[in-house]
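Here are my notes on this one, written as numbered points. Keep the viewer open and look things up as you go.

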Amino acid sequence: MKRHTLVLASTVCTAALALTASACSASDDTVSGGSTAAGSAPKDDGPAVDGGTLRIGLDRPFTKLDPAETALTSMPLMILANALYDPLMVNGDNGAVQPYLAKAFTPNADATAWTLELREGVTFSDGKPLDAQAVVDHVNRLAKPESKCGCAADAATIGAMAVNSPTSVGFTLKSPNAAFPSLFTRSLGYVSEAPAAADAPAVGSGPYTLESVQPGVSATLVRNPSYWGAKGHADKLVYKVLPDTDSRYQSLRSGDADLVWTETPAQLKQAAGDGLRVATGPGSTSTVLFNTKAAPFDDPRVRKALQYAVDRSAVEKVVYLDQGKVSDGPIASTSPYRIAGDASYPAHDPAKARALLAEAGHPDLSFEYLVDSRPEGQQRATVLQQMFAEAGVKMTIKPQDPAGLGTAMFQRKFQVMDFVTSMFGDTDTALASLYAPDAPYNFTGWNSPKAGQAIAAGRGTVDPAQRARSYQEAAQEVVNDAPMIFLTENQVGFLASARTGGLPDVSRRTVVNVSPAALWVKK
């Protein structure tokens with residue numbers, strides 16, 4: 001396995017009994033991917049330049065500036081969230097979780113109780129202290145149903161919270177969770193004061209504050225004069241929502257934007273020739289979901305047949321243009337829980353696919369495939385359609401808008417659907433959230449007692465080697481029973497103009513998390 005030593009060290013650091021500032025801490029620029037374990041320092045940029053306006057193109061709209069807003073803490077929009085709110089914990093290289101505003105996050109022996117220690121002297125932008133009580137208030141606010149935060153399911157795993165001191169919070173969990181700190185890398189970790197009104201932003205402690213906003217359209221931010229850490233380089237940040245993939249890329253080429261998000265392989269391949277800079281990491285996995293609660297996909301033989309029908313290498317070459325790699329299960333190739341040589345995924349075999357379908361009584365299987373309307377999604381669906389046809393299966397492609405696709409997924413109103421996610425960048429979260437019987441994102445409805453027990457065993461131990469073995473057992477059960485088909489691990493991240501400085505190395509980041517405070521505009 002590549003980078004075996006680094007991955008092993010990351011595992012030990014992530015799952016150590018004490019996540020402390022001295023042992024496994026993030027430097028102040030870990031969010032940006034600066035000069036420590038987060039990534040190498042930018043090359044050939046020269047000295048940082050202060051001043052000017054940094055213009056950033058976002059790939060999706062936001063309805064409000066509040067960590068409770070799920071879209072705001074999605075990976076492409078974290079570059080906006082990081083400007084307004086500092087996270088308690090951050091994702092480092094190879095899936096490691098490290099302290100940021102936190103100084104330490106320490107469990108008891110069985111990971112049922114955790115103590116969070118905060119940095120001293122941190123304040124919100126309105127001057128109020130970001131202390132232990134603020135953390136408790138924030139978690140309580142996001143846990144309420146009216147917050148509509150997707151993180152409410154994570155907050156529900158907490159049995160009780162206690163303020164031990166101004167800089168110390170105690171958490172008592174309802175069940176053991178050795179990966180508890182990972183819950184504080186996004187919404188729960190972006191500690192904020194409640195908005196003053198329904199349409200007002202939450203008050204954060206980040207390096208920038210809001211000057212003006214048009215929800216779903218744009219936002220302008222200025223430096224936070226009372227920021228506790230190193231100030232941002234740019235005087236002003238201007239964000240514009242540019243949902244069309246091609247238009248967003250052209251805005252960068254024309255000079256209307258300095259930085260944009262991309263998940264499009266053709267753009268990654270073309271960027272260098274257009275004089276653009278690239279900062280991407282393996283932060284996305286493409287898969288296929290089955291509704292295992294409805295016939296015929298309640299029969300594992302039918303699911304296995306379609307698994308055999310897919311040539312993952314061909315999907316990667318045709319759709320991702322050799323910019324990614326084949327995925328072989330829910331433990332990503334960069335995961336600290338990866339065990340070399342243990343991955344076992346069925347090889348492409350259309351003959352076996354036909355035989356299994358005949359055995360299951362579905363030699364002429366047909367179904368609808370839900371997919372979004374983006375070009376890469378449509379191309380992926382077309383390639384799969386051709387592969388399934390070789391096994392005698394008729395697949396009808398049914399494009400959906402993002403809202404419709406999300407509704408179908410959460411209400412399980414689908415037969416088979418396209419699913420591209422960053423969740424597999426954090427193995428602890430992915431396994432517990434997607435495959436446990438009562439998991440909040442068990443979209444497939446799959447229920448395997450064996451996998452559930454293995455996941456619970458992994459989350460219940462602070463021994464990283466034992467957790468890896470338990471997770472591997474669960475992952476193999478996922479592959480064997482096939483509630484989903486794994487396709488590819490993909491590069492996602494940012495493209496920037498040549499005049500943008502400070503762009504970090506995020507090539508080992510399974511969660512591409514960049515702070516705009518570390519970037520500057522060359523003059």
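1. Let's start with a word you'll meet a lot: buried means under 20% relative accessible area, exposed means over 50%, and partly exposed is in between (1.4 Å probe, protein chains only). With 9% relative accessible area, Val-136 therefore counts as buried. Some ground rules before we go on: this is a predicted model, where local features need pLDDT of at least 70 and side-chain atom pairs count only at pLDDT 80 or more, while totals for chains, interfaces and linings use all residues. Residues are numbered from 1 along each chain as its sequence is written, and side-chain values use heavy atoms, with hydrogens and water left out.

2. Where does Val-136 lie? Find helix α4, residues 132-143. (Helices, H or I with at least four residues, and strands, E with at least two, are DSSP runs numbered from the N terminus.) Leaving out residues up to four places away in sequence, Val-136 touches Met-161, Val-163 and Val-169; contact here means heavy atoms within 4.5 Å. Also, Val-136 and Val-191 are 55 residues apart along the chain, with 9.2 Å between their C-alpha atoms.

3. Now for the cysteines. The whole structure was searched and one disulfide turned up, a disulfide being a pair of cysteine sulfur atoms within 2.5 Å. Which residues does the disulfide join? They are Cys-149 and Cys-151, with 2.2 Å from S to S. The link of Cys-149 and Cys-151 is right-handed, with 125° about the S-S bond. Cys-149 is buried because its relative accessibility is 7%, and Cys-151 is buried because its relative accessible area is 6%.

4. Next, the second largest pocket, which has a volume of about 540 Å³. Its lining has 22 residues, and those closest to the centre are Thr-157, Ser-175, Ala-432, Asp-438 and Arg-459. Grid points are joined across faces, edges and corners, and the volume is the space filled by probe spheres set on the points.

5. What lines this pocket? Helices α5 (152-155), α13 (427-434) and α14 (449-459) each supply at least two residues of the lining of the second largest pocket, and α14 gives the most, with four residues. By type, the lining has 12 nonpolar, six polar and four charged residues. (Ala, Val, Leu, Ile, Met, Phe, Trp, Tyr, Cys and Pro count as nonpolar, Asp, Glu, Lys and Arg as charged, and the others, Gly among them, as polar.)

6. On to the cores. The largest nonpolar core has 62 residues, and Leu-306, Phe-367, Tyr-369, Leu-384, Phe-388, Tyr-435 and Ile-485 touch the most other members. Helix α15 (residues 464-481) gives the most to this core, with six residues. Apart from it lies another core of 38 residues, including Met-75, Ala-496, Val-506 and Ala-517. A nonpolar core is a set of buried Ala, Val, Leu, Ile, Met, Phe, Trp, Tyr and Cys residues joined through side-chain atoms within 4.5 Å.

7. Have a look at helix α8 too. Eight of its 10 residues are buried, so α8 is largely enclosed by the rest of the structure. Among these buried residues are Val-302, Leu-306 and Tyr-308. The buried residues of α8 pack against β13, α10 (350-359), β15 (366-372), α11 (375-390), α15 and β18 (484-496).

8. The peptide bond from Ala-295 to Pro-296 is cis, with omega near 0°; Pro-296 sits in the loop between β13 (277-290) and α8 (300-309). Ala-111 is not a glycine, yet has a positive phi of about 60°. Is Ala-111 buried or exposed? Buried, because its relative accessible area is 0%. Leu-321 also has a positive phi, about 55°, although it is not a glycine, and at 26% relative accessibility Leu-321 counts as partly exposed.

Definitions and conventions
On a 1 Å grid over the protein atoms alone, a cavity is a set of points where a 1.4 Å probe fits but cannot get out, and a pocket is an open set with protein on both sides within 12 Å along at least five of seven lines; lining residues have an atom within 4 Å of a point.
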